[in-house]
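Please open the model in a viewer and keep the selection panel at hand.

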Amino acid sequence: MATLLSVERVSKSFGAVRAVDNLSFELDQGEALGILGPNGAGKSTLFNLISGDIRPSAGLIRLRQREITHLPSYERCRLGIGRSYQIPQPFGRMTVFENVLAAASFSSGRGESACYDLCIEILGRAGLLDKCNRAADTLTLLERKRLELARALATQPTLLLLDEIAGGLTEGECHELIEVINALRGTGVSIVWIEHVVHVLLAVVDRLLVINFGKFLAEGEPHAVMANAAVQEVYMGIEAE
Amino acid sequence: MIIGSYRVERSTRASRAGFAAMLAVIVALISVPAWAGRAEMRLLIEVSYYLALAQAWNLLAGYAGLVSVGQQAFVGLGCYGFIIATAFLQIPPLVAIPLTVVAVGLIAIPTAFLAFRLRGAHFAIGTWVLAEVLRLIFTLVQAFGAGTGMSLPIHVVLDISENRVIRELILYYVSVAIGIATVLLVFLWLRSREGLALTAIRDSEAASGSVGINQQRTKLTVYLIAALIAGLVGALVVLEKLRITPDAAFSVTDWSANVIFIVIIGGIGSVEGPIVGTLVFFVLRSLLADYGAWYLITLGAIAIIVMLKAPRGVWGLIGSRYDVHLFPVQRRVRLNLD
Ligand SMILES: Nc1ncnc2c1ncn2[C@@H]1O[C@H](COP(=O)(O)OP(=O)(O)OP(=O)(O)O)[C@@H](O)[C@H]1O
Ligand SMILES: [Mg+2]
């Protein structure tokens, strides 16, 4: 398998806080990687570094061998990195449809009307079609999370970064989400998924990476990682939420 | 999932009504010289350029997140550019106006690279400092009368037309056309694909990048267009006042404070807001004209109350309560047509 993403000895400090500390990992094309770690472990910061929302203090990030460490986020999007935000960042005064439309159009460079079909289809998949004319800031938190997913999908990513989209879902909704993501995997999309709802994560990912205090803690086959003693120790903290 | 046919629509009943109302206003403005006096025409000239400046500042601060306190830099450059072109280079005034605008745009490009290194409050202060520096430079230039300024030579005025009435008509129509054109430009911009980018940046700058929107390019475009509009207003100001001083040309009160007031009161981040704000501003000004310092204190107090109680201004209150959009920039999806 060809390597899609490599994160090489990446660090990011906010003042005295080392949010990500000398972290390295790779992702193969078509692979799904789950990321676990307690609150404040640096998971979302890692996503911000990969998507280009922030720049690392040290280290390199490559996509298909090409170094992207210092590319602005819009270029990374056009190279195929799509993401959702843990705290939803809808374009609040735009309609739900326009949120998805902006993503579809600017990620691909296509004109608006060439993207309409794709947008309608994605909104249908995300269960937001009946809300497509609503201003995004009138959505509930769960609907906003769906919009995060829909907007990321509209960029037609080859690498999809998902940051805690399953929290607060019912059992049935979790099941639907798993199906949506697995279907996506079937189309060749690679996924990195941060999720505290472990059983949802385990239903999708090939591999787990656990980080703690910004540092690498464990990595490997999901069940083996969950059984790891060091992980068990911090995992207590995760489950206690 | 099976999706029936759908259609994406761009206008609503309210917006069609709004558009009809706008057309009526435009017709009324065209007819003004036929029935109104000089004072009313002068007032409408001022209204027009404040409307243009307010639309420009709204694009900057309300959409691109560029809170500038330095638009007077470009108004001032427009004033002096027009003086240089007409009084010194002997270019006919109506040709000098577009030339001035181009020149202001060229000067704005390097300032953008300076200002864009600054963020948030630093950007605001940086733009202000830039304008102050320019003002100080012009107080030193003897050829322009230094600090006391200079008058537009009479031959320039006569060059527009020997006849005062015709002159005033031309100035009136040019000003009103520029006010209307600015509103139209902003509307068409927001309605276009680029408007989608601009609106996305307004609502979440981080997320706009993550969906492929080049924020820097969009912001730079806004900055330059806003500078061009300010330069244009500057040229008109000279034509109307017929004299210029560095303090008036680069006035932070006139070209920033008043304009910011207008946008905040009317409603930041919409096309309608600056229009409403301009009307409110001129009504307040005429009501409070005789109260000197109290005028400014009242304006300040109103601005603070609006910021606290209605962060989206007067238009925000109306627009969100009744979901009306006079300018149809949104896209509405009609599903399952069959
Ligand atoms: N922009 C920022 N400025 C300062 N500190 C930050 C910033 N972003 C994150 N941090 C800090 O970096 C650390 C890691 O935060 P991060 O959000 O990446 O954690 P996380 O693993 O996503 O946690 P959670 O599970 O709660 O989402 C925290 O201590 C956080 O306070
Ligand atoms: Mg997080």
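Begin with Arg331(B) and Glu98(A), which are joined by a salt bridge whose closest N and O atoms are 3.0 Å apart. The model in view is a predicted one. The number of salt bridges between chain A and chain B is 3. Polar contacts can be displayed next: 17 residue pairs, with both partners at pLDDT 80 or more, are in polar contact between chain A and chain B.

Now colour chain A by secondary structure. Four elements each give at least two residues to the side of chain A that touches chain B: helix H2 (73-78), strand E6 (81-83), helix H3 (96-108) and helix H4 (116-125). Colouring the side of chain A that touches chain B by residue class gives 16 nonpolar, 11 polar and 11 charged residues.

Chain A contributes 38 residues and chain B contributes 35 residues. About 3,000 Å² is buried between chain A and chain B, and carbon and sulfur atoms account for 60% of this area.

The ligand is surrounded by 14 residues, and the closest are Asn39(A), Lys43(A), Ser44(A), Thr45(A) and Gln86(A). A polar side-chain atom of Thr45(A) is 2.5 Å from an oxygen atom of ligand 1, and a polar side-chain atom of Lys43(A) is 2.7 Å from an oxygen atom of ligand 1. For Ala41(A), show the backbone instead: one of its polar backbone atoms lies 3.1 Å from an oxygen atom of the ligand.

Finally, select strand E2 (17-28) and helix H1 (43-51) of chain A, the elements that give two or more residues to the shell around ligand 1. H1(A) supplies the largest share of this shell, 3 residues. Coloured by class, the shell around ligand 1 shows 5 nonpolar, 7 polar and 2 charged residues.

Key. Residues are numbered from 1 along each chain as its sequence is written. Chains are lettered from A and ligands numbered from 1 in the order in which they are written. This is a predicted model: local features need pLDDT of at least 70, side-chain atom pairs count only at pLDDT 80 or more; totals for chains, interfaces and linings use all residues. Side-chain values use heavy atoms; hydrogens and water are left out. Contact means heavy atoms within 4.5 Å. Buried area is the accessible area (1.4 Å probe) that two parts lose on being put together, summed over both. A salt bridge is a side-chain nitrogen of Lys or Arg within 4 Å of a carboxyl oxygen of Asp or Glu. A polar contact is a pair of N or O atoms within 3.5 Å; within protein, one must be able to donate a hydrogen and the other to accept it, and residues adjacent in sequence count only if both atoms are side-chain atoms. Ala, Val, Leu, Ile, Met, Phe, Trp, Tyr, Cys and Pro count as nonpolar, Asp, Glu, Lys and Arg as charged, and the others, Gly among them, as polar. A residue is near a molecule or strand if one of its heavy atoms lies within 4 Å of it.
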